[in-house]
Amino acid sequence: MPADTPFVNLRAAGAALVLDVSGPLIPRVLHWGRDLGDDVGSLVRVSTAPTPHSTADDPIPFTLLPSESDGWGGTPGLEVARSGTSRPLRLRLSGPVVTDGGQVTVRAHDDAAQVEVVIVLTLDDHGVLTEQVTVGNLGHDTLDIVSLQHLMPIPERAVDGLDLTGRWTRERAPQRFEVQQGTHLRSSRRGRSGHDATLLMSAGTSGFGFRRGEVWSTHVAWSGNHTHLVERLPEGTGPHGSALGGGELLGPAEIRLGPGEQHTSPLVMFVHSTDGLDGISARLHRRIRARAQHPSSPRPVVLNTWEAVYFDHDLGRLLELAQTAASIGVERFVLDDGWFGGRRDDSAGLGDWVVSDEVWPDGLLPLVDRVHELGMQAGLWVEPEMVNLDSDLARAHPDWVLGPADGRPWRHQHVLDLVNPDAWAHILERLDAIVTENRIDFLKWDHNRDLLEAVSGGRPAVHRQTAAVYALLDELLARHPGLEIESCASGGARVDLGVLERTHRVWTSDCNDAVERTDIQLWTTLLLPPELVGAHVGPPVAHTTHRHVDLGMRCATALFGHAGLEWDITTCPPAELDQLRDWISLYKELRPLLHSGDVVRADSDEPGERLHGVVARDAGAGVFAFVQLETGRSARPGLRPLPGLDPARRYRVTLPGGSRRRRPSTWSSPSGWPPRARRPAWRFPEPSSRSSGCLCRCSRPGRRSSWW
């Protein structure tokens, strides 16, 4: 596009962003969504909305940071205050908008408010649009950033909405809503993403689903307080129907800039799909996998000791557990809570990151060295951001507790003020020493409470605390480049693409019940690819629900993530160990596909039915699970199309045999399309007979297919 054009047209992977950069206002968003091609000059003629009665005399533009000064009556893009005064900003371009490949940089200012702004938008090779805004104080006194929201317009046809909610052990529960006039706002003030975090806020055409409809989604890549919203005004959003967006949720005076200081917002992502929610996931997963820090080695099979031994740390018992784990193919052995200080239960010791002489008189190395001898990586549980008042750390430094001294405890613990540089340095030194002295390969980094009354130095501190945690993770990884870290937060309460810039997987939920886990994992993979989603086989009776689930279903559920075990497998009879050994072999065989292919999910009118899988990028192979979470309306499930396959190809469909051993049966698709699979007699029963499932694998004829 010529340098003097009044438009910028970013295009990639079937998505596009079109901006009017003619000035003097900051760029007006003419279009975000599907690619419209090269010629967008005529778009301006349909991008000026008519002026209705009883509104501003001139058409209201929708800019990158919409403001009352533009006539916009919705959520402002940027609000600031100075010395107790505030007014809507009137931002004007400071110079030409700069385009460099898929990136646009906008510089603007408001001389009267003494504010400068830099907006950076990037449309990557996968069609994911990101926005980040930097605000600078040009004045001689303090500038408060009151609110900074990132908004994109979506069309009138986006009439249905979807977000996620949840609670402990039931994360990622979907909620549908109608996009109506007003603001559908999800605000999180938990100081972490939260069990009820929406992950994505989505709006789409009527009845959109996994495989159907046009969808627009946004994600705030930040682990602190945040907002997601869909907003529709009676007068519209410029020429568009609604606004979609979000940003960091700031407290009063939380971001306070001195003269010459700047603040940069978290990254906010916008994703469009013409192929339903699966298209949204495909774009996000490809972006995530393209990161330089994305795990490149095969995701090791994990055994975590929590539901095996809890706080009962006995070296002999743990050595036996490690030996058994190695014998069935486990590749990473993680020692959970209870190894340090006075930590014999969850009421004391948190913050004292020194190996307990009482429990481990010879230190951790007798266990760690044996784990390494058995060919496994060694992992360790930590919760560096928290402290028990009954700890040496809290007694020595009571001022290191974040918030009021009499603040409300949560799981007997308080938050450590990592904004305090001495506390931050102390925790870094202890973590560095633990990893170095004990030759640790992996940290399960937990975060077991919300941040309530999070005040440091007289001001809200969630932003500074989150930034300090990020810096702590970054520095620890810089000192230990081979170390991997899991983001755990009483299960799945810190799942976002901010923390995942410096961690290697998430613990999806504290619930290992395969019935509950089916939906928890399915909706978590809306944002994350399976290799980042911790998924473990728990005991026969689930710790959190007390439901008994058959081993086959537990294994099949954990297969579609970063697989592992959380179970005292020394109690398993030989037949169960054989089944686990075969399952681990299957996971190792399939993980190249599971951790590189596209996640697919079928739409169904049956509320208890789930058909999901992973299909290779070239559609040459796929792995699918069919799960019945509750009894259906009909006596049999009938035929189900397998999503994501190529209608021009013939596939071999392999189903599990009628026993644990490898007994493949095969079926090649006829010329008709699509391939369909019936549920075989082999199933994953549960005593209630309400939950069952099956697995199948599709591959081109001639490829070997084997199953446990």
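Student: Why does Thr63 count as buried?

Tutor: In this predicted model, Thr63 has 1% relative accessibility. Buried means under 20% relative accessible area, so Thr63 counts as buried.

Student: Where does Thr63 lie, and which residues does Thr63 touch, not counting residues up to four places away in sequence?

Tutor: Thr63 lies in the loop between β3 and β4. Leaving aside residues up to four places away in sequence, Thr63 touches Ile26, Pro27, Arg28, Val29 and Asp70. A contact here requires heavy atoms within 4.5 Å.

Student: How many aromatic pairs does the structure hold?

Tutor: The structure holds 11 aromatic pairs.

Student: What makes the pair of Phe62 and Trp72 edge-to-face?

Tutor: The ring centres of Phe62 and Trp72 are 5.3 Å apart, and the ring planes stand at 80 degrees. Rings pair if their centres lie within 6.5 Å, and planes over 60 degrees apart count as edge-to-face. The pair of Phe62 and Trp72 is therefore edge-to-face.

Student: Which parts does the pair of Phe62 and Trp72 tie together?

Tutor: Both Phe62 and Trp72 lie in the loop between β3 (28-34) and β4 (78-82), so the pair ties together parts that are 10 residues apart in sequence. Phe62 and Trp72 are both buried.

Student: Why is the pair of Trp306 and Phe311 called edge-to-face?

Tutor: The rings of Trp306 and Phe311 have centres 5.2 Å apart and planes at 85 degrees. With the limits of 6.5 Å for pairing and over 60 degrees for edge-to-face, the pair is edge-to-face.

Student: Which residues form one aromatic cluster?

Tutor: One aromatic cluster is formed by Trp339, Phe340, Trp353 and Trp381.

Student: What makes Leu477 count as buried, and where does Leu477 lie?

Tutor: Leu477 lies in helix α7 (residues 462-479). The relative accessibility of Leu477 is 17%, and buried means under 20%, so Leu477 counts as buried. Not counting residues up to four places away in sequence, Leu477 touches Leu483, Ile485, Arg502 and His504. The C-alpha atoms of Leu477 and Gly534, which are 57 residues apart along the chain, are separated by 20 Å.

Student: How do you know that Val97 is buried?

Tutor: The relative accessible area of Val97 is 18%. Val97 has its place in the loop between β5 (92-93) and β6 (98-100). Apart from residues up to four places away in sequence, Val97 touches Val21, Pro27, Val104, Thr105 and Val106.

Student: How do you know that the radius of gyration of the protein chain agrees with that of a compact globule?

Tutor: For 708 residues, a compact globule would have a radius of gyration near 27 Å; the protein chain has 27 Å, so the value agrees. The C-alpha trace spans about 80 × 75 × 40 Å along its principal axes.

Student: What share of the residues of the protein chain count as buried, and what share of the contacts with a separation of 6 or more join residues 24 or more positions apart?

Tutor: Of the 708 residues, 61% count as buried. Residues 24 or more positions apart account for 69% of the contacts with a separation of 6 or more. The secondary structure comes to 10 helices and 41 strands.

Methods: Residues are numbered from 1 along each chain as its sequence is written. This is a predicted model: local features need pLDDT of at least 70, side-chain atom pairs count only at pLDDT 80 or more; totals for chains, interfaces and linings use all residues. Side-chain values use heavy atoms; hydrogens and water are left out. Helices (H or I, at least four residues) and strands (E, at least two) are DSSP runs, numbered from the N terminus. The radius of gyration is taken over C-alpha atoms; the globule rule is 2.2 Å times the number of residues to the power 0.38. Buried means under 20% relative accessible area, exposed over 50%, partly exposed in between (1.4 Å probe, protein chains only). Rings of Phe, Tyr and Trp (its six-membered ring) pair if their centres lie within 6.5 Å; planes under 30 degrees apart count as stacked, over 60 as edge-to-face and the rest as tilted.
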